[in-house]
Amino acid sequence: MSDEVRRLSDELARDPASLVFLPLGEALRRQGQLDIALKVAVRGLERHPHNADAHDLLARIAVDRGELERAFDEWDMVLRFAPGHAGAKRGMGFVCFRQGRLEDAERYLAEALEADGGDQSTVAALATVRRSLGRPLSEMPAHAPTPVHVPPVVPARQVPRESTADAEQTRDAAPAQPESRAASSTREEPAWLTHTLRTGEASPAAPAPRPPDVGPRDREALSRNPRALFADLIGDADQTALLLDADGFVLAGAYLAHDGRDVAQEVGAELSGVSDEAQRAMRHLDLGDWSQIIVETEVASVILAPAALGGLLLVAADRAMPLGSVRRFLDRALARGRIFVGGDA
Amino acid sequence: MSATPFADTLALLTRQRGVLGSMVVSEADGIIVDSNLQIGVKGNVVAALAASLYRKARLSAQAAGLGTAAFLQLEAQRGRVCAVGRGDLLLVTVAESRANVGLIRVELMRAAEVLG
C-alpha cells in the first residue's frame with residue numbers, strides 16, 4: 001500500500017462522510033486495485049449519491065474493468081448533476097469510440113470541446129474521429145495540434161479489462177509518434193483514451209445548477225433520464241425520492257442500495273402497499289383523503305404522499321435529518337413530480 | 001375493576017390538545033388492550049385499521065431494507081392517526097388536524113416505554 005493510499009485511507013476512516021474517497025478511489029484505480037477502488041467509490045456514492053465527481057470516478061473504474069455500458073451510464077449521471085462536465089462528455093465519446101459509434105463519439109467530443117476548448121487531447125481526439133468518419137478538413141477543430149503523441153497501438157477489442165493502468169505505464173515509456181499513425185485505423189487506442197482516464201479527476205465539474213423551476217428544455221432532458229428527476233433537489237443530502245405510478249412501478253427517481261444497486265423498484269413496490277392500507281382506513285374513519293404517511297424506521301424517515309394520476313411519491317432521508325426538512329423536501333419533490341407527469345402526459 | 005398499567009399513559013396522551021383518543025392495541029389482531037377515548041370515537045375501527053396499517057408499514061420497511069419501523073403517522077384532511085410500536089403492542093392516538101403533531105409524537109415516543 002502506497003503512502004498516499006494509506007494516508008487517504010486513514011483520513012477516510014477518521015471522517016467517513018468526507019469526500020476523501022474521491023482521491024483514494026482514484027489512487028487505487030491508478031494502482032490497478034480495481035475491486036478495492038470500486039468498493040471505495042460505491043461506498044462514497046452511498047453517502048454522496050448526487051456528487052458528479054463520484055459518478056465520474058465510478059465511470060473511470062468501470063472503464064478499467066471493461067464495463068463500458070456502466071461507464072457510459074455513470075457519465076450520463078454526471079451530466080445530470082453537472083451538465084458542463086467536460087470529462088464526462090469526453091468519457092462518453094471514448095465509450096462510443098470503443099463501441100464503434102463514431103458519429104456519437106464525434107458529438108460527445110464536440111460538446112466536450114465546447115465545454116473545455118483548451119483541452120488539446122479532446123481536440124486531437126475529435127480530429128481523429130472526424131478523420132475516421134471521412135469528414136472534410138474544414139470540419140476539423142481549428143486548433144488541432146500537430147504532431148500529437150499517441151500510445152502504442154492496441155486493438156480496442158483486445159484491450160484487456162485491467163489494461164488501462166498498464167497502458168498508461170507503457171505510454172509513459174513509449175516514444176512520441178506522429179498523429180498519422182492514430183488516424184490510420186479506428187481500432188487504434190488514441191492518446192485521448194488514456195488521457196480521459198488519466199485526467200478525468202482534473203476536469204473541473206461545472207457547478208450543479210439549482211433551478212427554482214423546470215423549463216421546457218430541462219423538462220425534455222429530464223424525460224430522457226427520469227432517474228435524475230429529483231437530483232438537483234436532493235443535492236448532497238442523504239435523501240432520495242421516487243415517483244411511482246398507480247401500480248407501484250417507478251416512474252422517476254432512484255434508490256441506491258449499499259452495494260450501489262438501484263433498488264427503487266423493490267422499495268417502491270414494498271412501500272406502495274402502505275398507501276392501499278391508508279386508503280382503506282380513510283374509508284372507515286371519515287377523516288377525508290389522506291395526504292401523507294410518515295414512517296420513521298431505525299435508519300430512515302420515509303414519507304409517502306399521493307401524486308398526480310393516482311401515483312405515489314416516496315421520499316426517504318437519513319434518520320438524522322429533521323422531519324420538518326424531509327417534509328419540505330417532499331413538497332418540492334411533489335411539485336417536480338407534477339411537472340414531470342404533466343410533461344409526460 | 002383495577003386500572004391497567006397503561007391507564008395513566010393513555011390519560012396523559014388524550015389530554016393533549018386536539019387528541020380525540022388513545023389506545024393500546026395488539027398489532028397482530030388489532031384488538032384494543034386498553035383505551036381512553038372521547039365520546040363518538042370509533043375505537044374498534046381505529047384500532048383495527050391502525051394495527052393493520054402499522055403492520056404493513058413495518059413489514060414493508062423491513063423488506064425495503066429500512067430497518068424496524070418505530071413511528072407511523074397517517075395524515076388526512078380532517079385528522080391524523082399516529083402509532084408507535086414495541087413488540088406486539090402499539091400505542092395509537094387519533095387526533096384532529098389542528099393538533100400539534102410534533103408534541104404528540106414526542107409524547108408517544110416517551111409513552112411507548114410503558115409498552116415494555
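What is the mean pLDDT of chain B, and what percentage of its residues reach 70 or more?

1. Confidence in chain B. The model is predicted. Chain B has a mean pLDDT of 88, with 98% of its residues at 70 or more. Within chain B, helix H2 (residues 43-63) has the lowest confidence, at a mean of 86, while strand E1 (residues 19-26) of chain B has the highest, at 94. Where pLDDT is low, the predicted coordinates should not be read in detail.

2. The ipTM is 0.90 and the pTM is 0.53.

3. Chain A. Its secondary structure consists of 15 helices and 5 strands. Chain A has 345 residues, and 47% of them count as buried. Taking contacts in chain A between residues at least 6 apart in sequence, 54% join residues at least 24 apart.

4. Pairing across the chains. Strand E3 (residues 290-297) of chain A runs antiparallel to E3(B), and 7 bridges join the two.

5. Pairing within chain B. E3(B) is also joined to strand E4 (residues 79-86) of chain B, by 6 bridges, and these two strands run antiparallel. They form a hairpin, with 2 residues between E3(B) and E4(B). In this pairing Leu72(B) stands opposite Ala83(B) in E4(B).

6. Burial of E3(B). Strand E3 (residues 69-76) of chain B is mostly covered, with 7 of its 8 residues buried. E3(B) has bridges to E3 of chain A and to E4(B). In a regular strand the side chains alternate between the two faces of the sheet.

Note on methods. Residues numbered from 1 in each chain as written. Chains lettered and ligands numbered in written order. Predicted model: local features only at pLDDT ≥ 70, side-chain atom pairs only at ≥ 80, totals over all residues. pLDDT = per-residue confidence, 0-100. Helix = DSSP H or I, 4+ residues; strand = E, 2+ residues; numbered from the N terminus. Buried ≥ 20, exposed ≤ 12 C-beta atoms within 10 Å, placed from the backbone. Contact = placed C-beta atoms within 7 Å. Pairing = 2+ DSSP bridges.
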